[in-house]
Amino acid sequence: MSETIVIAGAGHAAGQAAVSLRQGGFSGRVVLIGDEPYLPYQRPPLSKKFLAGEVKIDRLLIRHDKFYSDHDIEVRLSTRIDEFDRNQQTVRLDTGKQLEYDRLILATGSRVRKIDMPGIDLDGVHYLRTIDDVVRIHEGFQPGNNLIIIGAGYIGLEVAAVAATRGLNVTVLEMADRVMMRVVAPEVSAFFEKVHREAGVDIRCGRDPNSALLGDSHVRTLRSADGEELPADIVVIGIGIVPTTDIAAAAGLECDDGIVVDEFCRTSDPHILAIGDCTNHPNSLLSRRLRLESVHNAQEQAKAAAAMLCGHPKPYAQIPWFWSDQYDLKLQIVGISGTHDQVVLRGNPDSRSFAAFYMQGDQLIAVDAINRPREFMLSKKLIAQGARVEPEILADSSIEFKDLATAALT
Ligand code: FAD
């Protein structure tokens, strides 16, 4: 245990890996290196309670500084790893210093997908990935201001919900024909579009993306492809992310839409593991490889990597889940839809509490639960077990879901 483990990145996965290494009994040196100025923190509140001003930075931290000092975890913040040398087993920092490693854990996460449009560099135009991004957004986040959001994925819609509640005039522009199109069924998109419109948000789907931002030094207007001009005091762009694989790819590690790892988070180099958003990993429960952008995945892969390095390997195999908070609605998603042939609704969307079940034949493969925590929790088990359920029974709200789920599980 006199080994040195260097963790590249100090985000959610990195923070969990450091904790799990110590919990798993690793007593060697652990060095956490991140290019942001903050200890590992939770990003989900950035577009929710932190944006709304309801929680302070302190509450975002996964662990406070005392934890790292008490557990002898060296943390180097505002420090970038520019590259690593696999033969020498060293990382080179932007300070010019080098550090040797016995094992390297890559937890470099993902970064925002950038948009190429005129005026993108004007003041008041933002992406949202970090605490610092939100601090900048807060400057223009004032009641009465005109906010344009480009992209109607989770982050765009969460920002819309917070902004509308705060009294901004919100317009959401989306290229696809409906909101959250990549992940939810048309019925669920329609529900969220209705909720946002009722809250005063102007949602416009099917937009030609060829627009331009205009202003002197600060954004003032968005001119769309058809020439319409929309007033804009602030613009927030949320059009997805890309995995951060630059240093891994430069070092010759296998990358394919993420750093390629196995179920123990091992890369193509036996001394290097990778975890979290930056990985492309296998999932035996789903019989496929995938890349995920979720806290659950970051945490669980971090635990799997730490277990591997502590000498008690346990393969990572989890049904993915995710959540999004918009107004009084908690959307919880479990499983991966897309290969379904039928969507079954349970409950009435007008009640603001319902679930959409994605079926492949009579097998449940994914669920979107809106204010339905019980359906979400039990569905996790059903999906993991490959349970078969009659779609008609699922849709029948007169049958208690817990009875139905128990019957399907036994
Ligand atoms: P990250 O958290 O991105 O951390 C990676 C870190 O590594 C970053 O700090 C990065 O700057 C740093 N880094 C990269 N390269 C280097 C380098 N060469 N040297 C040093 N440091 C480097 N997930 C959910 O499950 N539910 C949600 O509701 C949800 N909401 C979200 C809302 C927002 C606004 C955002 C941005 C994300 C949200 N997510 C949510 C996604 C979730 O936060 C991510 O999946 C999770 O943070 C991934 O953790 P990670 O450690 O892999 O990557």
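This is a predicted model: local features need pLDDT of at least 70, side-chain atom pairs count only at pLDDT 80 or more; totals for chains, interfaces and linings use all residues.
Colleague: In what order do the strands β18, β20 and β21 form a sheet?

Modeller: In general, strands of a sheet pair through backbone hydrogen bonds, either parallel or antiparallel. Helices (H or I, at least four residues) and strands (E, at least two) are DSSP runs, numbered from the N terminus. Two strands pair if DSSP finds at least two bridges between them. Here, three strands form an open sheet in the order β18-β20-β21, with mixed pairing. β18 (259-260) and β21 (288-290) stand at the edges with a single partner strand each, so one side of each has no neighbour in the sheet.

Colleague: In which sense do β20 and β21 pair?

Modeller: Strand β20 (residues 279-283) pairs with β21 in the antiparallel sense, over three bridges. As one example, H281 has L290 in β21 as its bridge partner.

Colleague: How many salt bridges are there?

Modeller: Side chains of opposite charge can pair when their charged atoms come close. A salt bridge is counted when a side-chain nitrogen of Lys or Arg lies within 4 Å of a carboxyl oxygen of Asp or Glu. By this rule there are 31 salt bridges.

Colleague: Where do R197 and E193 stand in helix α5?

Modeller: R197 and E193 are four residues apart in helix α5 (residues 186-198), and therefore about one helical turn separates them. Their side chains meet in a salt bridge at 3.9 Å, N to O. For accessibility, buried means under 20% relative accessible area, exposed over 50%, and partly exposed in between (1.4 Å probe, protein chains only). R197 is partly exposed because its relative accessibility is 42%, whereas E193, at 12%, is buried.

Colleague: Which parts of the chain does the pair of D362 and R388 link?

Modeller: D362 forms a salt bridge with R388, the closest N and O atoms being 2.7 Å apart. This pair links distant parts of the chain, 26 residues apart: D362 is in the loop between β25 (354-360) and β26 (363-370), and R388 is in the loop between α8 (373-384) and α9 (391-395). D362 is partly exposed at 27%, while R388 is exposed at 52%.

Note on methods
Residues are numbered from 1 along each chain as its sequence is written. Side-chain values use heavy atoms; hydrogens and water are left out.
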